Amino acid sequence: MEKRNQVRLLSFCTFLSVARCSNKIFYSSTNRVFFPTRRYSFGLPRKCRHNLSLPSHRFCFSPIASVRIGHGFDLHRLEPGLPLIVGGITLDHDRGSVGHSDGDVIFHSVVDAILGGLGLPDIGQLFSDKEPRWKGVASKVFMEEARKLMKQKGYDIANLDITVILERPKLASHNNAICENICELLKLSRDKVNLKAKTHEQVDSLGQNLSIACHAFVLLQPDSTLMKEEESVAVQNALSTDFIEKLYQRVVQRSQTDPSLSWTSRLFSQGRASIAKKLGEEAVETVIAGLENDPHQLVKESADLLYHLCVYWAFCKITPQAVYEELNRRESQSGIEEKASRSSKLK
Ligand SMILES: [Zn+2]
């Protein structure tokens, strides 16, 4: 390979390792291997690009809408004779928030931030108090529902920053307990949640202890557990195809040696019909091992079959790559569509 191309290949490999490490930016796509030849080819000539798409490089990194931000705001009137519940903690106070549920401003604004980040309607529309199942429920239920929606959409919380505005009482001594409640409900580690409290400098209803308000900002990122699953699928795909690739390369290499020294080379010297016959025999033996319910023999016959298939491919000048491409193409359509497209070609 030309030196210039080697440098390009090196930068591309560095790019791939960076992309693999920074899974916040790129992630592999389920079951489907997309190779970013167009967008990230780094000007490699077509021939080198082909080499790069050998199975070991067949991880795919499709840029996705990586992070989303959400903002939630809530305000409740404070009136005497009601409990003041904030972040799941009942505060000792002479008044509490007026609301259809428990009036928890922190939970409500956090839920709205998550819903906002997901691009969903707000808490009032999603959990309407007109719907009997939501009427009068503890606000932690909305938190759990918001988390479910977030997970369904494939997101996780990167961090959550909350600011409560109230004149009295002081929140400082409850700060940690509130954060721990949030962490438990949203299944987050403690370092992801931050809570601040401010007064309103005795101005307006907030400053006169007639209301309580809260702002919450959330950063949503692709669900890391999903990404790990996808990555392991990509790794498994690469491993499974790697074996075929290695086997094929070995067959090609041995076919060029002296027939007296290599079994593969001897097969090649016997010609197409002989190789085809051998492949057919191995296929039948594989079928028989399965019919005889002999798993151990089935594994051995399958290995023989794959070897003879590689010999046949190499003889007929077909690369495993061509077969992978066909498999990839089929993966993008359903089995029924694929069968239909083949039978229509036969007509
Ligand atoms: Zn509210």
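Glu281 forms a salt bridge with Lys277, with the closest N and O atoms 3.4 Å apart. By salt bridge I mean a side-chain nitrogen of Lys or Arg within 4 Å of a carboxyl oxygen of Asp or Glu. Both residues lie in helix 10 (residues 272-291), 4 residues apart, about one turn of the helix. Salt bridges that share partners join Lys277, Lys278, Glu281 and Glu282 into one network.

A word on the source. This is a predicted model, so local features need pLDDT of at least 70 and side-chain atom pairs pLDDT 80 or more, while totals for chains, interfaces and linings use all residues. Residues are numbered from 1 along each chain as its sequence is written, and side-chain values use heavy atoms, leaving out hydrogens and water.

Back to the pair. Lys277 is exposed, at 56% relative accessible area. Glu281 is partly exposed, at 32%. The cut-offs: buried is under 20%, exposed is over 50%, partly exposed is in between, with a 1.4 Å probe and protein chains only.

How many salt bridges does the rule give? The count is 11. Take Asp223 and Lys151, at 3.1 Å, N to O. Asp223 sits in the loop between strand 9 (211-222) and helix 8 (224-255), and Lys151 in helix 5 (residues 140-152), so the pair ties together parts 72 residues apart in sequence. Helices here are DSSP runs of H or I, at least four residues; strands are E, at least two. Asp223 is buried, at 4%. Lys151 is partly exposed, at 25%.

One more pair: Glu79 and Arg77 meet in a salt bridge at 3.3 Å, N to O. Glu79 is partly exposed, at 33%.
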